[in-house]
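The following paragraphs lead the reader through selected features of a predicted model. Please keep the structure in view while reading.

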Amino acid sequence: MGKEIQTLRERWPVWWRRRSRVAKVTLWMLLAVFVCTIGLMAHVVAWLDVTVITLCGIALTPLLLILLFRWFFQQVLWKVRNRLILTYLLMGLAPVVLFGTLVGIAAYIMAGQYATDTALSRVNEASQRIRDEAASAAVFGVQATPGIQGAQQQTKAAPVKGGVNAAKPGTGSDANAGSNKPDGIDAMGEEDASPLSLMELSGGVWVPMAAPGMKAVPGPLASGPPPAWLHEALQGLHGFQGIVAAKGQLYLCAEVSAPRNGRTVAVVGSRALTPAEMDVLSKGLGQFKLSAGFSRLANGKDKDDKDTDGDDDITVGKDTHVKVKGVNALSEHEHFDAVSGSPVKKPKHWYTNPPVFFTTSTQVTEWETGESVSSMMSVSSRLRLLYRQLFATSMETARVISIVLGAIAAFFALLLLMALLMALSLSRTITRSVADLYRGTREVDAGHLEYRIPVRRRDQLAALAGSFNGMAASVSELLVQQREKERLLNELAIAQEVQTTLFPRSPAFLPGFEVHGTSLPARTVGGDYFDFIFGYGPGLGQDGKSAGHVTLALGDISGKGISAALLMSALHSADRAFSAAVGEEGAAVSPAVLLKLLNAHLYRSTQSARYATLFLATYDPATRRLTYSNGGHLPPLVISKDGSVRLLEVGGAVVGLIDGLEYEEATVQLEPGDLFVAYTDGLTEPEKDGEDFGEQRLMEFVRARRDEPLTVLATNTLNVVKAWIGDQEQPDDMTVVLARQL
């Protein structure tokens with residue numbers, strides 16, 4: 001138990017540090033909500049707890065959404081399979097949904113527009129029937145026509161005010177209730193629910209008209225003289241036809257003026273738009289509702305009516321004079337109540353017969369003022385009702401179209417299902433390949449380089465698996481090569497240590513003479529060679545400062561790297577062997593003889609393409625003479641104290657290339673302050689912008705600093721050449737040997 005507690009204590013800080021700032025803030029807020037909830041349950045500072053909980057709840061909503069979004073992308077979409085599925089949904093399903101939504105919106109708008117157009121068409125047809133009745137009455141007088149007789153046999157109840165509220169509760173009916181006709185049959189042939197009122201203008205007032213043996217039905221528009229705006233309709237040829245609002249009630253109204261018996265007769269027909277009448281008009285279509293427009297409801301009464309006081313005299317025909325009301329005779333009846341039919345019955349499942357609601361604008365004329373009010377005609381219907389209404393004349397065609405559309409939808413659904421199955425199959429092949437690659441990387445990461453991914457197909461993913469297998473094999477081979485390279489590097493390091501031991505200790509001293517050399521290989525080991533071989537005369541001591549001579553050697557082996565280093569070690573051994581074996585009584589061996597012997601030795605023991613440039617010189621401290629022979633090497637310099645320079649060029653060709661060569665030698669007298677400088681071509685041949693460092697630049701650099709200590713001068717010389725090379729790779733080994741006569 002103690003170990004578990006200790007483990008939790010160790011893991012908790014690590015877990016907390018790995019949380020993001022958003023997660024930390026969310027956790028603190030959740031803790032605050034928990035504490036406040038406990039305090040609220042304990043009735044401790046309740047108002048503060050409620051405030052904190054409310055504020056934290058408001059802040060937690062976006063934070064939790066952010067965390068949910070991150071979790072979705074980091075956990076759910078971590079797998080390639082889930083990403084591919086989401087991609088397929090976005091690429092395939094999103095366009096279908098958007099296109100379906102667009103089609104649905106367009107179909108809804110078209111259905112709504114069709115419903116409202118049909119509603120307005122039915123209202124216009126009803127107004128036209130009233131106009132026809134009024135025209136017949138104006139020309140022939142009222143007769144017992146079927147239209148009027150049926151109208152007057154209807155319920156004699158006065159038109160009900162109140163619009164939608166006038167319908168009895170619970171009387172909502174289907175669009176086809178009470179009718180044996182198929183859905184969609186135009187209801188215009190049905191008997192009207194409201195009685196038709198016909199009034200003739202006689203003596204300046206409206207007089208109800210009735211057929212013989214029937215009771216006249218006084219209209220609601222008959223009180224008082226006609227309004228002022230109607231005189232133009234009374235005098236015109238077309239009269240008036242439309243919806244009027246009078247005393248808060250809506251009417252279908254038509255006015256006709258026609259000659260009868262030598263005089264002009266004006267007749268007005270009207271029928272109240274009651275809920276029952278709206279049901280007749282909306283038969284087979286849905287529910288109609290006529291209400292005031294938004295601007296009318298917002299502005300209230302019209303305040304811009306013309307101020308016309310009193311009545312006006314107008315003339316109808318040739319000899320009829322009529323007094324009409326002024327436009328401000330109406331004060332409290334400018335508004336009208338909305339009127340609506342019975343609602344459509346809801347289906348058991350709304351999605352089997354979706355609702356359609358649409359609104360359009362229409363004009364309602366104020367009876368007293370003649371003002372044209374923008375009103376709204378709303379239609380609430382169902383998709384099947386509109387479909388049956390659209391194909392009312394041919395239901396067989398509608399059924400065929402329904403079957404064809406259903407077949408097309410089923411075919412498209414089948415194609416979508418097939419596409420989904422194909423997408424899932426392709427997704428599975430991709431995810432399986434990715435899973436194999438992931439498993440392969442884990443195996444290789446664990447060190448199992450022999451693991452290979454099974455290749456089952458011939459596609460790009462299979463090629464990727466094959467590439468992985470090839471990569472694993474290459475990595476395995478590279479590791480083997482790396483181990484071999486490390487072994488070679490270790491051997492080269494050992495070779496470098498061995499080569500370093502072949503170079504003499506530097507600096508070295510003789511009485512009145514100081515010598516120093518240094519070498520910088522271009523690789524781990526190099527092919528430049530320098531040596532100081534000390535000899536001792538008879539009776540001289542064995543210390544390094546005795547009066548014996550010293551032989552200076554500086555060579556450059558052809559090539560670089562290991563092969564040059566091996567040839568350099570062979571040259572080093574041969575030089576020391578010949579120098580020790582040939583001398584008599586400690587006398588120095590002639591440099592020319594040494595070059596001859598070394599040339600013959602290298603020629604016989606190496607390949608024909610191998611050779612070396614070699615400079616040998618023997619210095620006698622007793623006489624301060626330097627005897628030398630140059631075997632094809634760059635001429636060393638002797639810089640006097642006064643700055644003059646002597647080149648040591650006497651000798652012969654390179655050694656090891658041609659057998660049987662003879663070499664010449666020469667002697668130089670050194671004076672105190674003279675500086676001997678020998679170097680390899682690695683100091684003069686490096687290029688910068690196509691220009692060599694050159695012997696002249698090297699000579700001027702050394703001559704300007706000839707008084708520096710030999711170790712400092714050698715280091716500065718190598719540094720100036722490395723600065724000339726810059727970031728480029730060192731092209732060749734660099735070696736310099738310096739000596740000074742003290």
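**Helix packing, backbone and cavities**

The axes of helix 14 (residues 695-704) and helix 15 (residues 710-725) approach to within 11 Å, with a crossing angle of roughly 140°. Angles over 145 degrees count as roughly antiparallel; helix 14 and helix 15 are therefore classed as oblique to each other. The crossing of these two helices is right-handed. On the side of helix 14, the contact is made by Arg697, Leu698, Phe701 and Val702, and on the side of helix 15 by Leu713, Asn716, Thr717, Val720 and Trp724. Sorted by class, the residues in the contact of helix 14 with helix 15 comprise six nonpolar, two polar and one charged.

A second pair to consider is helix 4 (residues 80-140) and helix 10, whose axes come within 9 Å and cross at roughly 150°. This angle makes helix 4 roughly antiparallel to helix 10, and the crossing of the two is right-handed. Helix 4 contributes Val80, Arg81, Leu84 and Tyr88 to the contact, while helix 10 contributes Ala423, Leu426, Ser427, Ile430, Thr431 and Val434. The contact of helix 4 with helix 10 consists, by class, of seven nonpolar residues, two polar residues and one charged residue.

What is the handedness of the crossing of helix 2 and helix 3? The crossing is left-handed. The contact of helix 2 with helix 3 holds 20 nonpolar, three polar and two charged residues.

Attention may now turn to the cavities. How many cavities of 30 Å³ or more does the model contain? The count comes to three cavities of 30 Å³ or more, and the largest cavity holds about 80 Å³ of space. The lining of the largest cavity is made up of Ser433, Asp436, Leu437, Ile453, Pro454, Val455, Arg456, Arg457, Leu461, Ala462 and Ala465. Two or more residues of this lining come from each of helix 10 (395-445) and helix 11 (460-502). By class, the lining of the largest cavity divides into seven nonpolar residues, one polar residue and three charged residues.

Ser506 and Pro507 are joined by a cis peptide bond, with omega at about 0°. Pro507 is placed in the loop between helix 11 and strand 12 (508-510). The other point concerns Lys247, a residue other than glycine that has a positive phi, near 55°. Lys247 is found in the loop between strand 3 (240-246) and strand 4 (249-260).

Key. Residues numbered from 1 in each chain as written. Predicted model: local features only at pLDDT ≥ 70, side-chain atom pairs only at ≥ 80, totals over all residues. Heavy atoms only, no water. 1 Å grid on protein atoms, 1.4 Å probe; cavity = no way out; pocket = protein on both sides within 12 Å on 5 of 7 lines; lining within 4 Å. Points joined across faces, edges and corners; volume = space filled by probe spheres on them. Helix = DSSP H or I, 4+ residues; strand = E, 2+ residues; numbered from the N terminus. Nonpolar A, V, L, I, M, F, W, Y, C, P; charged D, E, K, R; others polar. Axes fitted to C-alpha atoms, helices over the stretch in contact; angles between N-to-C directions. Parallel < 35°, antiparallel > 145°, perpendicular 65-115°, else oblique. Left-handed = near helix turned anticlockwise from the far one by under 90°. Contact = heavy atoms within 4.5 Å.
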